[in-house]
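Me: I am new to this structure and would like to learn how to read its features. Please give the general idea each time, then the case at hand.

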Amino acid sequence: MASHLVVRASPPFRVPGAPSNLEHANLEHANLERAGLERDLQREVERESRSLLDGPELERARAITQPAARDDFLAGRLAQRKLAAALLDVPASDLTICYSCPRCGTGTHVSHGRPGYLLRGAAAPLLLSLSRAAGWTLLAAVLDPEPGQRLGVDVEDPARTDFEGFDAVVLTPAERLDLAGLAGASLLQARARLWARKEAWLKMTGTGLLTAPDTVDVREGGVDGRTGLRDLPPAESGLPADLVAAVALCL
C-alpha cells in the first residue's frame, strides 16, 4: 500500500479578542469571560503536558521564558503526539519521543530537530513534521513510509517577512528577480510562499538552517530537478487563508 500524507491544522487555543463595537459593560464582561476561558485552557494544556509529554519536552518548555510561547510549544507537542497515537492506533502515553538533530544526534534525550517516537522501545513507523505560525500548529504525517522517504512541512505568516534584509538573507538571485516587480501585500505573500517552501524542504533534508536558505532555489519544478515540494492550499491544510504553507515529501 502506498504511503499517504496526512495534514492537520490545530488552531490557537487562546480565545480571540472581544469585538470592539460592544457596549462598555458588555465588553468588560466579554473580556472577563475570555480571560477565564484562557486560564482554563492553559491549565488543561499544562495538565495534559505533565501526563503525556516526556521529560526532555517539559524541560525545554520550562526554558521558554515567554508564557505564550511556552503554551504554544506545549499545545503543539500535545497535538503532534495525539495525531501520532491516532494514526498508530495506540494510547498517546505509549509513545516516547525520539528526535533527530544533525548536531545533537538521535535519541530519547533529544527534544528538537526531526520528530519521531518510539513505540514500546521500537521506532514507530511514522514520519512527522510540525510547524507553528500566528498561534496555529500545522502537522504532517506519513504512516508506514517507504524506505528512505522523508517529510517536511512549514507554515508562515506573511506579515513576519516584512523587514529590511529579508530578500538578501533568504532568497536566491533568481528568486529575488522573480519578486522584483511586487510590492505591499503581494510581495509579503510571495516572500512567505518561498520561505515556507524552503523551510519545508530543509526540514525534509534534515539539515534545517545549517543550509543557508539563499542557496536553495524553490521555484516551480522542485529543487535541483527533484519533485515532491508543493504548496498546501487552505482547503488541504485547514489553515486560514492569510497564512502560507508548503510540504516536501521525497525519497
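Reply: Start with directions: axes are lines fitted to C-alpha atoms, for helices over the stretch in contact, and angles run from 0 to 180 degrees between N-to-C directions. Contact means heavy atoms within 4.5 Å. Helices (H or I, at least four residues) and strands (E, at least two) are DSSP runs, numbered from the N terminus. Here helix α3 (residues 67-88) lies across β1, β7 and β8, and runs at about 155 degrees to β7. This is a predicted model, in which local features need pLDDT of at least 70 and side-chain atom pairs count only at pLDDT 80 or more, while totals for chains, interfaces and linings use all residues. Residues are numbered from 1 along each chain as its sequence is written, and side-chain values use heavy atoms, with hydrogens and water left out.

Me: In what order do the three strands of the open sheet lie?

Reply: Two strands pair if DSSP finds at least two bridges between them. In this open sheet the order is β1-β8-β7, with antiparallel pairing. The edge strands, β1 (4-10) and β7 (126-133), each pair on one side only. From one strand to the next the twist averages 15 degrees. Between β1 and β8 (residues 136-143) there are seven bridges, and Ala9 stands opposite Leu138 in β8.

Me: Why is strand β9 described as largely enclosed by the rest of the structure?

Reply: Buried means under 20% relative accessible area, exposed over 50%, and partly exposed in between (1.4 Å probe, protein chains only). Strand β9 (residues 150-156) is largely enclosed because six of its seven residues are buried. It pairs with β11 (residues 244-250) in the antiparallel sense, over seven bridges. The bridge partner of Glu156 in β11 is Val244.

Me: Which residues does Glu199 touch, leaving out those up to four places away in sequence?

Reply: Glu199 touches Asp154, Glu156 and Leu209. Glu199 itself sits in helix α6 (residues 184-205).

Me: How many aromatic pairs does the structure hold?

Reply: Rings of Phe, Tyr and Trp (its six-membered ring) pair if their centres lie within 6.5 Å; planes under 30 degrees apart count as stacked, over 60 as edge-to-face and the rest as tilted. The structure holds two such pairs. Phe163 and Phe166 are edge-to-face, 5.6 Å centre to centre with 80 degrees between the planes. Phe166 and Trp195 are also edge-to-face, at 6.4 Å and 80 degrees. This second pair links distant parts of the chain, with Phe166 in helix α4 (residues 166-170) and Trp195 in helix α6, 29 residues apart. Phe163, Phe166 and Trp195 form one aromatic cluster.

Me: Is Phe166 buried or exposed?

Reply: Phe166 has 2% relative accessibility, so it counts as buried. Trp195 is buried too. Phe163, at 43%, counts as partly exposed.
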